[in-house]
Amino acid sequence: MLALTPIHSEKIWGYEDWIASTFPGSRQDDFAELAGDFPLLVKIIQANDTLSVQVHPDDATAAQLEGVGACGKTECWYVLDATPGAQIVYGLKKNCTTEELRQAIQTNTLESKLHCVPVKKGDFAFIPAGSVHAIGGGLRLLEVQQSCDITYRLYDWGRPRALHVEKGLASVRHAERAPIAPMQDTFSCAYFSLQKRSVSGRLTLRCEKNGQLVFIAEGNGTIAAQKPGGSTQRLAFQKEQIFALAAGEDVTLSGTGDIIVINAP
């Protein structure tokens with residue numbers, strides 16, 4: 001069992017902490033030694049201001065636009081905290097054609113086509129590759145995603161950063177959106193699965209493969225890992241820590257709070 005140390009990055013809109021990463025250039029060496037080339041990237045995003053309106057390619061489009069070996073970026077968000085009135089951009093109001101979107105970007109009228117949804121602490125949003133989206137200001141999120149850092153900005157609220165309009169438009173997909181709602185017990189897609197569990201006293205988990213992650217969404221206590229050979233490792237846990245487990249470990253959390261167990265396929 002490893003208590004992972006975040007990799008911190010300041011942004012013009014706030015900051016993000018890469019809390020579980022084997023991504024080149026932002027690699028946690030101890031996690032890579034345990035999990036190998038892990039296919040997921042887990043972040044905490046603190047958005048003090050609104051992020052750009054953006055889209056990520058799917059696997060096929062990433063390979064086409066960025067070269068062989070590039071993968072897409074499907075992701076999800078769990079809202080850790082939200083100021084009153086905080087919202088996300090969650091797709092488009094209608095299935096605009098590529099030319100309509102290009103025209104809206106060129107004339108600075110894209111805002112009128114964005115589907116904005118208020119969110120609160122505990123809400124969950126699934127963002128499949130190809131979805132137009134943005135994180136609003138006043139939000140703190142847990143983000144679980146494919147291990148990819150390809151982002152195409154379509155619109156940046158007047159900030160003087162580069163846009164990636166043609167690649168972004170080539171990546172847009174008009175998938176049906178699931179309603180934003182408080183996170184249920186489990187979620188799974190082709191790239192990751194999440195399970196939300198409550199800790200009240202004691203909770204025991206068994207790790208089936210290297211790299212299973214336990215994120216502390218709320219609470220504090222201790223986490224103890226029983227190794228296959230019989231030894232025990234015991235650590236304190238607190239809100240927003242993340243632990244990486246090894247295959248065969250039996251882990252017992254003692255305390256109170258909520259956890260999110262994260263698995264790659």
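**Group meeting talk: a look at one predicted protein model**

Hi everyone, let's begin at one residue: asparagine 108 sits in the loop between helix H3 (98–106) and strand E10 (114–118). Helices (H or I, at least four residues) and strands (E, at least two) are DSSP runs, numbered from the N terminus. Before going on, a word on the model: it is predicted, so local features need pLDDT of at least 70 and side-chain atom pairs count only at pLDDT 80 or more, while totals for chains, interfaces and linings use all residues. Residues are numbered from 1 along each chain as its sequence is written, and side-chain values use heavy atoms, with hydrogens and water left out.

What is the phi of asparagine 108? Its phi is positive, about 55°, although this residue is not a glycine. Most residues other than glycine have a negative phi. Asparagine 108 is also exposed, with a relative accessible area of 57%. Here buried means under 20% relative accessible area, exposed over 50%, and partly exposed in between, with a 1.4 Å probe and protein chains only.

Tryptophan 157 is another residue with a positive phi, near 55°, and it is not a glycine either. You will find tryptophan 157 in the loop between strand E14 (152–155) and helix H4 (165–171). With 31% relative accessibility, tryptophan 157 counts as partly exposed.

Now let's zoom out. The protein has four helices and 21 strands. Its radius of gyration is 19 Å, close to the 18 Å that the globule rule gives for 265 residues, so the protein is as compact as a globular protein of that length. That radius is taken over C-alpha atoms, and the rule is 2.2 Å times the number of residues to the power 0.38. Of the 265 residues, 51% count as buried.

And what about the inside? A nonpolar core is a set of buried Ala, Val, Leu, Ile, Met, Phe, Trp, Tyr and Cys residues joined through side-chain atoms within 4.5 Å. The largest one has 29 residues, and among those touching the most other members are Val42, Leu142 and Ile262. Elements giving two or more residues to this core include helix H1 (29–35), strand E6 (40–47) and strand E21 (250–263). A second, separate core of 21 residues includes Val55, Ala62, Val89 and Leu110.

Let's finish with isoleucine 262. Leaving out residues up to four places away in sequence, isoleucine 262 touches Leu40, Val42, Val144, Ser193, Leu194, Gly211, Gln212, Leu213 and Phe215. Contact means heavy atoms within 4.5 Å.
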